[in-house]
Amino acid sequence: MQKQPSSGFTASLQLNGLPVLVCGGGSAALSAIRRLLDSGAAVTVVAPEIGATVADLAARELLIIR
């Protein structure tokens, strides 16, 4: 049997109301940002460039950009 390469890890965390920092504000970070917001985390994004969708989430006060 051939071992499949790992594509990451999965964790189940209770994040409701907890602050979470995301480094990166582009399309690569967007999936993680959406999952964190869906889990109820208080998301802060730090990035040299912010994508339009992330900027829109901030404009709707769903996350903070620093």
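**Ground rules.** I am working from a predicted model, so I take local features only at pLDDT of at least 70 and side-chain atom pairs only at pLDDT 80 or more, while totals for chains, interfaces and linings use all residues. I number residues from 1 along each chain as its sequence is written, and side-chain values use heavy atoms, with hydrogens and water left out.

**Entry 1: helix α1.** I took helices and strands as DSSP runs (H or I, at least four residues, for helices; E, at least two, for strands), numbered from the N terminus. Helix α1 covers residues 27–38, 12 residues in total. I get 17 Å from its first C-alpha to its last, close to the expected 16 Å; the expectation is 1.5 Å times one less than the number of residues.

Next I looked up burial (buried is under 20% relative accessible area, exposed over 50%, partly exposed in between, with a 1.4 Å probe and protein chains only). In α1, the buried residues are A29, L30, I33 and L36. They sit on the same side of α1 because they cover an arc of only 135° around the axis; the arc is that of the directions from the helix axis to the C-beta atoms. S27, A28, R35 and D38 are exposed on the other side of α1.

What do the buried residues of α1 pack against? I find β1 (19–25), β2 (42–50) and α2 (52–59), taking contact as heavy atoms within 4.5 Å. After α1 comes G40, with a positive phi near 90°.

Entry 2: I checked S27 first: it is in α1 and exposed, at 70% relative accessible area. R34 and L63 are 29 residues apart in sequence, and I get 10 Å between their C-alpha atoms.

**Entry 3: the loops.** G51 is in the loop between β2 and α2 and is partly exposed, at 24%. Leaving out residues up to four places away in sequence, G51 touches G25 and G26.

E61 lies in the loop between α2 and β3 (64–65). Its phi is positive, near 60°, and E61 is not a glycine. Most residues other than glycine have a negative phi. E61 is exposed, at 72%.

**Entry 4: the largest pocket.** I used a 1 Å grid over the protein atoms alone, where a pocket is an open set of points that a 1.4 Å probe fits, with protein on both sides within 12 Å along at least five of seven lines; lining residues have an atom within 4 Å of a point. The largest pocket holds about 340 Å³ of space. Its lining includes F9, T10, L13 and Q14, plus A32, R35 and L36. I count the lining as six nonpolar, five polar and one charged, where Ala, Val, Leu, Ile, Met, Phe, Trp, Tyr, Cys and Pro are nonpolar, Asp, Glu, Lys and Arg charged, and the others, Gly among them, polar.

Methods:
Points joined across faces, edges and corners; volume = space filled by probe spheres on them.
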